[in-house]
Amino acid sequence: MALAALSLALAARGALAGGFAIDDRSASQLGVANAGAAAAREDASTIADNPAGIAHLSSPQLVASGTFINAGLPFKNSGSVFPGGAPIGGANDDGGTFAPVPSFFYSSPVGDGLSAGIGLFSSFGLATDYNPTWVGRYQAQSTELTSIDLTPTLAYQLLPNLAVGISPVARYSKAKFATAIDFGAIGAGAGIPGAAPGSADGAIKIKGSGWSFAFNGGFLWEPTDTTRLGIAYFHNDSVTLTGGTKFERPTLGNVIAAATGTFINTAATTTLPLPDHLNLGIVQTISPELDLRAGLTWTQWSAFKEERFVFANPLQPDAVTNESWHDTVTVSVGGTYKLTPDLVLRAGLGFDQTPIPDPQHRDARLPDASRIETAIGFGYSITPATSVDVAYEHLFGDTVKINEATATGDLIVGTTHLSADIFAVQLTVRF
C-alpha cells in the first residue's frame with residue numbers, strides 16, 4: 001500500500017533519544033538541542049512537540065526538514081563464551097548506521113482563533129547492522145524498526161495568552177530482526193553425537209508490520225509578553241506487529257527440526273509497548289535579540305517490560321527477552337540570538353538518560369547509553385516568505401557494558417560506546 005511504501009522512505013534508522021525514541025524532527029529545534037520545544041512555536045514543526053503552538057502562527061506555512069544521522073556503536077569483546085566456557089569466535093564490529101530521517105508539517109489559521117495542520121514524522125525508530133559472523137551474532141545480526149506518524153492537528157486560542165492543541169495520531173510501524181542460532185549448542189544440550197556449541201550456526205529472520213494509534217495534546221501559556229510556558233502529553237498505544245518467520249538451518253538444524261517440529265518457517269506476532277511522554281518547556285525573552293530556553297521530558301519506558309515473539313507453530317516456544325526498562329528524564333537548555341534581522345544563531349546542551357537498568361538487560365540489538373547532546377545552528381530568511389534552518393548536533397555517549405546470555409546459553413560479554421553526528425536542514429515557506 002502507498003503509506004507502507006512511504007514509511008520505508010521515511011525510515012528512522014537510528015534512535016536519537018533514549019531507548020528507541022526519536023525527538024529530532026526539525027532543524028530549528030535541533031539547533032538548540034530541543035530545549036524548550038514545548039514552548040517554541042517557531043514554525044509548523046511544533047505539531048510534533050506541542051500542537052497548541054500552531055495557534056500562534058499568523059499565516060499558512062509548509063515545513064520540510066531532513067535529519068541525517070551517522071551513528072557509531074563499536075563493540076569490544078571481553079570474554080564472550082559458549083555454554084561450557086569456550087570462547088566464542090568472531091571479530092568485533094560496529095553496529096552503527098547512517099540514515100536520513102525526513103519530516104513534513106503544514107499549518108494554517110482557519111479563523112475565529114482556530115488553526116489546523118498536519119504532520120508526517122517519526123516518533124520511534126532503530127537500526128543496528130553487524131557482520132553476520134561477528135562475535136555477538138547470537139544476540140543480534142541486524143535490527144530495523146521504522147515508523148511514521150500521520151497527525152491531523154487542531155489548535156484553538158482559548159484566551160489572548162492561552163492556546164490548546166490536539167493531534168490524534170495514526171502510526172504505521174514495520175520491523176525486521178535477524179539473529180544467528182547456535183544449533184550446535186542446542187544439539188549438544190540434547191545429547192546429539194558430535195554436536196558442539198558454535199559448530200553449526202543457523203539464523204532466524206522475522207518481519208512484521210502493524211498499525212497503532214496515539215494522541216498528543218498540549219497547552220501554551222504566555223503569562224507575560226516575554227515568557228512562554230508549554231506542556232504537552234503524548235500517549236502511545238502498543239503496536240502489534242504481524243508477519244512471518246524464516247529459519248536458516250544447517251544440516252544439524254534440519255535434524256533437530258525433523259525430530260521436534262521446531263525451527264520451521266511460520267507466522268509470528270509481537271506486541272511492542274510504546275512509552276508515553278510528558279514534555280515541559282519554557283522560553284524567556286531577554287532582549288529583542290536574545291532568548292533563553294529550557295526543557296524537560298519524562299518518558300514512561302517502564303512500559304517496555306519484555307520483548308516477546310509468539311509463533312503460529314504451536315511446537316515453537318515463544319522467544320522472550322526480559323527488558324525491565326525504567327522511566328527516564330531528559331533535560332536541555334539553549335538559546336537563540338538574532339545577529340541581524342535575517343540571521344538567527346542557535347546553541348543548546350542536553351542530557352538524555354538511558355532506560356536500560358544494567359549490563360544484564362543490555363544487548364547488541366539496542367546497546368543504548370546515556371548521552372550528552374551539544375548542538376549549534378542558524379536560521380536565515382531568504383525572503384520574507386522563505387527561510388532555511390541548518391543545525392548540527394553531536395552525541396557523547398557513555399561507554400557501557402553488555403553481559404547478557406542468549407536463549408541457547410551463549411554469553412555475550414563486552415563494552416560498547418555510543419556516539420553520533422547529526423546534521424539537519426529545513427525549509428519553511430509561508431503563504
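Visitor: Why is Gln-139 called buried?
Guide: In this predicted model, Gln-139 has a relative accessibility of 6%, and because buried means under 20% relative accessible area, Gln-139 counts as buried.

Visitor: Where is Gln-139 found, and which residues does Gln-139 touch?
Guide: Gln-139 lies in the loop between strand E5 (126-129) and strand E6 (142-159), and, leaving aside residues up to four places away in sequence, Gln-139 touches Thr-179, Asp-363, Ala-364, Arg-365, Ile-402, Glu-404, Thr-406 and Ile-412.

Visitor: What makes Phe-121 count as buried or exposed?
Guide: Phe-121, which is found in strand E4 (residues 114-121), has a relative accessibility of 1%, and since the cut-off for buried is under 20%, Phe-121 counts as buried.

Visitor: Which residues does Phe-121 touch?
Guide: Not counting residues up to four places away in sequence, the residues touched by Phe-121 include Arg-25, Ala-48, Phe-105 and Ser-147; Phe-121 and Ser-147 are 26 residues apart in sequence, with their C-alpha atoms 8.2 Å apart in space.

Visitor: How do you know that the radius of gyration of the chain agrees with that of a compact globule?
Guide: A compact globule with 431 residues would have a radius of gyration near 22 Å, and the chain has 24 Å, which agrees; along the principal axes, the C-alpha atoms fill a box of roughly 80 × 40 × 35 Å.

Visitor: What does the secondary structure of the chain come to, and what percentage of the residues is buried?
Guide: The chain has 5 helices and 20 strands, and buried residues make up 53% of its 431 residues.

How values were computed:
Residues numbered from 1 in each chain as written. Predicted model: local features only at pLDDT ≥ 70, side-chain atom pairs only at ≥ 80, totals over all residues. Heavy atoms only, no water. Helix = DSSP H or I, 4+ residues; strand = E, 2+ residues; numbered from the N terminus. Buried < 20%, exposed > 50% of the residue type's maximum accessible area, 1.4 Å probe, protein only. Contact = heavy atoms within 4.5 Å. Rg over C-alpha atoms; globule rule 2.2 N^0.38 Å.
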